[in-house]
Each structure stands twice: as C-alpha cells, then as structure tokens.
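Subject: Structure handover

Hello,

Here is the structure for your files. My notes on what was found in it follow below.

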Amino acid sequence: KPALELARIVQNDLGLNPIILHEKPDKGRTIIEKLEDESLEVGYAFVILTPDNVGNLIERFNEGKVMYRARQNVVLEFGYFIGLLGRNRVCCLHTGDIELPSDMKGIIYKPFKDSVKECFHDIVKELKAAGYKIEM
C-alpha cells in the first residue's frame, strides 16, 4: 500500500513521526472530528491519490470514456490540509491514470508508477523546504 510505504520512508529513512489517519482509533469520532483531532500537531501533509473510484462528467460517460478518480474522502482530506497548513505544506503523490482534482492549481503534484520510493528525493526536498531537519 502506498500510504504504508510512505510512512515507512518518513519514519525509517527520514527519522520523522508520521501520522496515518486510518491507523488512528476512531473513538466514536466522525471523519471530520478525527481529522481535526489528529492534525493538531501536523506540520506537513502528503496526500496519496490512487485510482480507486470511477467518475465521469456526463458528456464523457455518454462518449463511453471512463475516468479513474481517488476516493472522495481522500480529496476532502487533501482540501482540509491545504486549508489548515497552506499549499506550500501539502504534497500530492499520485499514481495510475487518474483524474486530478480540478481548479487546484499551485499544488505540488508528484507522480509515481510502481512505488512511492520513486518520489524519495522529491519527498526529502519538499520536507527540507518546509523547514524539517533531515539527516541522511
């Protein structure tokens, strides 16, 4: 899974403490409450978009074209972190033939094909630019 792969890179290779939202206990909280609670001490967010859903504009559907999209909850989290941290502290990693969210220019998008490890140097560069001290 790309999220676990990213977490291991951040933790094992870069010495930082990643927070993986779906690994945190729900404690009866709604997703938005969980986002709010777990993001209190977050300084940078990576969002991973994978082609998990299919969605189309009606005209594309009528033309027989299929567009793959990320899950809607991930797109919500993406927007939440942009609002919370600012565009310069959020990086989107994406894979596959996926439709990226529209009207979100000025966001950092980094594609990968088979492994998040392909983005390793970009991950390091973005974290350093955000002020993180990374010793390698």
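Glu-38 is buried, with a relative accessible area of 16%. Buried here means under 20% relative accessible area, exposed means over 50%, and partly exposed is in between (1.4 Å probe, protein chains only).

Before the rest, a word on the source. This is a predicted model, in which local features need pLDDT of at least 70 and side-chain atom pairs count only at pLDDT 80 or more, while totals for chains, interfaces and linings use all residues. Residues are numbered from 1 along each chain as its sequence is written, and side-chain values use heavy atoms, with hydrogens and water left out.

Glu-38 belongs to helix α2, which spans residues 31-38. Helices (H or I, at least four residues) and strands (E, at least two) are DSSP runs, numbered from the N terminus. Which residues of helix α2 are buried? They are Lys-34, Leu-35 and Glu-38. These residues cover an arc of only 100° around the axis, so they sit on the same side of α2; the arc is that of the directions from the helix axis to the C-beta atoms. The buried residues of α2 pack against α4 (72-85).

Leaving out residues up to four places away in sequence, Glu-38 touches Ile-19, Leu-21, Lys-24 and Arg-29. Contact means heavy atoms within 4.5 Å. With Arg-29, the side chain of Glu-38 also makes a polar contact of 3.1 Å. A polar contact is a pair of N or O atoms within 3.5 Å; within protein, one must be able to donate a hydrogen and the other to accept it, and residues adjacent in sequence count only if both atoms are side-chain atoms.

Lys-27 is in the loop between α1 (2-13) and α2. The phi angle of Lys-27 is near 50°, a positive value in a residue other than glycine. Lys-27 is exposed, at 64% relative accessibility.

**Salt bridges**

Side chains of opposite charge can pair when their charged atoms come close. The structure holds eight salt bridges, a salt bridge being a side-chain nitrogen of Lys or Arg within 4 Å of a carboxyl oxygen of Asp or Glu. Arg-29, Asp-37 and Glu-38 are linked in a network of them.

Arg-69 and Glu-99 form a salt bridge through their side chains, at 2.5 Å from N to O. This pair links distant parts of the chain, 30 residues apart: Arg-69 is in strand β3 (residues 68-69), and Glu-99 is in the loop between β4 (90-95) and β5 (108-112). Arg-69 is partly exposed, at 27% relative accessibility.

Asp-122 and Lys-110 form another, at 3.7 Å from N to O. Asp-122 is partly exposed, with a relative accessible area of 24%, whereas Lys-110 is buried, with 15%.

Asp-122 also meets Lys-125 in a salt bridge, at 3.8 Å from N to O. Lys-125 and Asp-122 are three residues apart in helix α5, so about one helical turn separates them. Lys-125 is partly exposed, at 47% relative accessibility.

**Cysteines**

A disulfide is a covalent bond between the sulfur atoms of two cysteines. The search of the whole structure finds zero disulfides, with a disulfide taken as a pair of cysteine sulfur atoms within 2.5 Å. Cys-119 is in no disulfide either: the nearest cysteine sulfur, that of Cys-91, is 7.4 Å away. Cys-91 is buried, with a relative accessible area of 1%, and Cys-119 is buried at 1% relative accessibility.

**Aromatic pairs**

The structure holds three aromatic pairs. Rings of Phe, Tyr and Trp (its six-membered ring) pair if their centres lie within 6.5 Å; planes under 30 degrees apart count as stacked, over 60 as edge-to-face and the rest as tilted. One of the pairs, Tyr-44 and Phe-46, is tilted, with 5.0 Å centre to centre and 50° between the planes. Both Tyr-44 and Phe-46 are buried. In another, Tyr-80 and Phe-81, the ring centres are 5.4 Å apart and the planes are at 85°, so the pair is edge-to-face. Tyr-80 and Phe-81 are both buried.

Regards
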